[in-house]
Amino acid sequence: MKKLTIVPLIGMLFIGACLSFCSAKKSPAKALAANASQGVAVMELFTSQGCSSCPSADELLGKYAAQNNPNIIPLSFHVDYWNRLGWKDSFSDAAFYQRQRNYANQIENRSVYTLQLVVNGATDMVGSDAKKLQRAATTALGEQPPVTLLFSSRETKNDDIVRGYHSAG
């Protein structure tokens with residue numbers, strides 16, 4: 001069960017790192033704080049350029065990315081098991097297949113496949129199933145994060161950027 005609570009923490013760290021590198025004149029801490037009480041939905045799609053069914057899942061994941069919601073983290077992992085069929089996916093990596101196998105073992109699902117999408121390391125589905133993904137995202141966003149991280153960034157008079165963080169929980 002510990003692995004399941006780590007995913008939101010990793011997500012929040014990722015969000016904070018991204019926000020802390022935003023312009024110092026904007027207030028990343030305020031942007032994150034507005035969503036700090038909301039859960040995080042880390043969406044991991046396992047896809048391949050050689051998969052003819054994957055574009056619909058890629059497009060759906062892209063719609064979530066376009067929302068620019070800092071609490072939704074869409075990730076795409078190109079697996080390498082399609083490469084042996086003659087189409088080498090230029091983004092594929094054996095480590096992504098291993099990541100997918102690890103999830104299969106963790107969530108006790110014996111199969112891995114392209115179009116597989118995993119939310120917060122706990123729920124898997126066909127990546128083009130918009131309704132199921134929406135339900136999983138809504139559930140994840142509705143969960144209270146185990147840890148809240150607040151990031152700040154400011155510019156000094158010497159044009160240095162000072163970044164900081166605070167954690168609670």
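## An aromatic cluster

Phe46, Phe77, Phe96 and Tyr103 form one aromatic cluster. The model is predicted: local features need pLDDT of at least 70, side-chain atom pairs count only at pLDDT 80 or more, and totals for chains, interfaces and linings use all residues. Residues are numbered from 1 along each chain as its sequence is written, and side-chain values use heavy atoms, with hydrogens and water left out.

Rings of Phe, Tyr and Trp (its six-membered ring) count as a pair if their centres lie within 6.5 Å; planes under 30 degrees apart are stacked, those over 60 are edge-to-face, and the rest are tilted. The whole structure holds 4 aromatic pairs. One of them joins Phe46 and Tyr103 edge-to-face, at 6.4 Å centre to centre and 70° between the planes. This pair links distant parts of the chain. Phe46 sits in strand E1 and Tyr103 in helix H4, 57 residues apart. Helices (H or I, at least four residues) and strands (E, at least two) are DSSP runs, numbered from the N terminus.

## How covered are the rings?

Buried means under 20% relative accessible area, exposed over 50%, and partly exposed in between (1.4 Å probe, protein chains only). Phe46 is buried because its relative accessibility is 0%. Tyr103 is buried too, with a relative accessible area of 9%.

Phe96 belongs to helix H4. Its relative accessible area is 23%, so Phe96 is partly exposed. Contact means heavy atoms within 4.5 Å. Leaving out residues up to four places away in sequence, Phe96 touches Phe46, Phe77, His78, Val79 and Phe91. Phe96 and Tyr81 are 15 residues apart in sequence, and their C-alpha atoms are 10.0 Å apart in space.

Tyr81 is buried, with a relative accessible area of 18%. Tyr97 counts as partly exposed because its relative accessibility is 31%. At Tyr81, the loop between E2 and H4 is tied to helix H4 at Tyr97, 16 residues apart in sequence. The two ring centres of Tyr81 and Tyr97 are 5.3 Å apart with planes at 75°, so this pair is edge-to-face.

Asn83 is found in the loop between strand E2 (72-78) and helix H4 (94-106). Asn83 is buried because its relative accessible area is 18%. Neighbours within four places aside, Asn83 contacts Lys88, Asp89 and Ser92.

## One disulfide

A disulfide here is a pair of cysteine sulfur atoms within 2.5 Å. The whole structure has 1 disulfide. Which residues form a disulfide? Cys51 and Cys54 do, with their sulfur atoms 2.5 Å apart. The link of Cys51 and Cys54 is right-handed, with 90° about the S-S bond. Both Cys51 and Cys54 are buried.

## Helix H3

Helix H3 (residues 54-66) has 13 residues. From first C-alpha to last, H3 reaches 18 Å, close to the 18 Å expected at 1.5 Å a residue. That expected span is 1.5 Å times one less than the number of residues.

The buried residues of H3 are Cys54, Ala57, Leu60, Leu61 and Tyr64. They lie on the same side of H3 because they cover an arc of only 125° around the axis. The arc is that of the directions from the helix axis to the C-beta atoms. An α-helix has 3.6 residues a turn, so residues three or four places apart point the same way.

The buried residues of H3 pack against strand E1 (41-47), E2, strand E3 (116-119) and helix H5 (130-142). The face turned away from the buried side of H3 carries the exposed residues Glu59 and Ala66. Asn68 follows H3, with a positive phi near 55°.
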